[in-house]
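Okay, thanks for making time, everyone.

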Amino acid sequence: MQSTIPQSGPVRAAQPRIIPPIKIQGIKSKLVPFIRENARWDGKGRWFEPFLGSGVVLFNIQPGRAAASDHNPHIAGFYQGISRGTITHHAVRRYLEKEGQRLAKEGGAYYYEIRDRFNSSHDPLDFLFLNRAGFNGLVRFNSKGGYNTPFCKKPGRFSKAYITKIVNQVYAVERLIRDNKWCFETADWRGALEGMRDNDFAYLDPPYYGRHANYYDTWSESDMADLAGFLIDRGTRFALSLWYENKYRRNDTIDRYFSGFAIHKHEHFYHLGSTENLRNSMVEALITG
């Protein structure tokens, strides 16, 4: 029997929708209502999210207590900075105004200068800059861990309005972190989920095996098998986001590893790719257990 996340108590519906300052491929902004409606959680215990990504699900579900993590240290580090107060919306405005002016004057050469600087120092504000000035909203790293997304070819990217938009997104996340008991850490999914207790709940959004490269490292079918085995063996209460099918093919790992679980489906437009033929209708699955 399907149930919904309660709209009061430990979990609060997010109105209006919170859009995170970090953008990644496969972001679930438009799928939050679908996830909220079908995730089978009573609001008790802690919300675990070991594939945090942009953070959009966490920021819109808004559990009172959460353990959020990502294997990508730059994702986790950015939100750790907000949690610790070393990254604020004021600091983001000052940074983007300064660096945006130089980008407008020097163009792509300055983007690549920032990219080289980030790959050396790993400054979280440089990461935000690259994330919002890179090509087509991609977050991509090479095999050595170097950020390698190319420039979006828009030197005037950081207009006053665009900076204000990003600053407001950071401010919204600041307020949420201040008002809730959330922790952020760099960890792989197994290490993150080891801390779960009986009343806890995991929302899982692993890289989409078989569709495109991960934004930081790889995700194979053996990784999916390990995750499925962990969830089943531990009896973990969870909601797992996976792609179900598109017009070309179906995700056969769902039948292979999750055939005994409830599978909720939702069709939406998947907007990732440099040409229109790469931007197609997609059926998403939310597997609950």
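**A walk through the model**

Let's start with Thr-236, which sits in the loop between helix H9 (221-234) and E5. Keep in mind that this is a predicted model. So, is Thr-236 buried or exposed? Its relative accessible area is 9%, and with the cut-off for buried at under 20%, that makes Thr-236 buried. If you skip residues up to four places away in sequence, what Thr-236 touches is Met-196, Ala-202, Phe-230, Leu-231 and Gly-289.

Strand E4 (residues 201-204) and E5 run parallel, and three bridges join them. E5 itself, residues 238-246, is mostly covered, with eight of its nine residues buried.

Now over to helix H10 (residues 252-258), where you'll find Ile-254. Ile-254 has 0% relative accessibility, so we call it buried. Leaving out neighbours within four places in sequence, its contacts are Leu-242, Trp-243, Tyr-244, Ser-259, Ile-263, Ala-285 and Ile-287. Take Ile-287 from that list: it is 33 residues from Ile-254 along the chain, yet their C-alpha atoms are separated by 8.7 Å.

How far apart are the ends of H7? H7 covers residues 160-179, which is 20 residues, so at 1.5 Å a residue it should span 28 Å; the end C-alpha atoms come out 29 Å apart, which agrees. Its buried residues are Tyr-162, Ile-163, Ile-166, Val-167, Gln-169, Val-170, Val-173, Glu-174, Leu-176 and Ile-177. As you'll remember, an α-helix has 3.6 residues a turn, so residues three or four places apart point the same way. And what do the buried residues of H7 pack against? The partners are helix H2 (56-61), helix H3 (73-84), helix H4 (89-106), helix H6 (124-133) and strand E3 (181-186).

The largest nonpolar core has 57 residues, and the ones touching the most other members are Trp-47, Leu-58, Tyr-79, Val-92 and Phe-158. H7 gives this core its largest share, eight residues. Both domain 1 (29-71 + 187-288) and domain 2 (89-170) put at least three residues into this core. There's also a second, separate core of 23 residues, and Ala-202, Trp-219, Ala-228 and Leu-242 are among them.

Ignoring its neighbours within four places in sequence, Leu-58 is in contact with Trp-47, Glu-49, Leu-52, Pro-63, Ala-66, Ala-68, Trp-182 and Phe-184.

Most residues other than glycine have a negative phi. Gln-62, though, has a positive phi, near 55°, and it sits in the loop between H2 and strand E2 (65-70). Lys-153 also has a positive phi, about 65°, without being a glycine; Lys-153 is in the loop between H6 and H7. Which of these is buried and which is exposed? Gln-62 is buried, at 10% relative accessible area, while Lys-153 counts as exposed at 71%.

Methods:
Residues are numbered from 1 along each chain as its sequence is written. This is a predicted model: local features need pLDDT of at least 70, side-chain atom pairs count only at pLDDT 80 or more; totals for chains, interfaces and linings use all residues. Side-chain values use heavy atoms; hydrogens and water are left out. Helices (H or I, at least four residues) and strands (E, at least two) are DSSP runs, numbered from the N terminus. The expected span of a helix is 1.5 Å times one less than its number of residues. Buried means under 20% relative accessible area, exposed over 50%, partly exposed in between (1.4 Å probe, protein chains only). Contact means heavy atoms within 4.5 Å. Two strands pair if DSSP finds at least two bridges between them. A nonpolar core is a set of buried Ala, Val, Leu, Ile, Met, Phe, Trp, Tyr and Cys residues joined through side-chain atoms within 4.5 Å. Domain bounds come from an automatic or database domain assignment.
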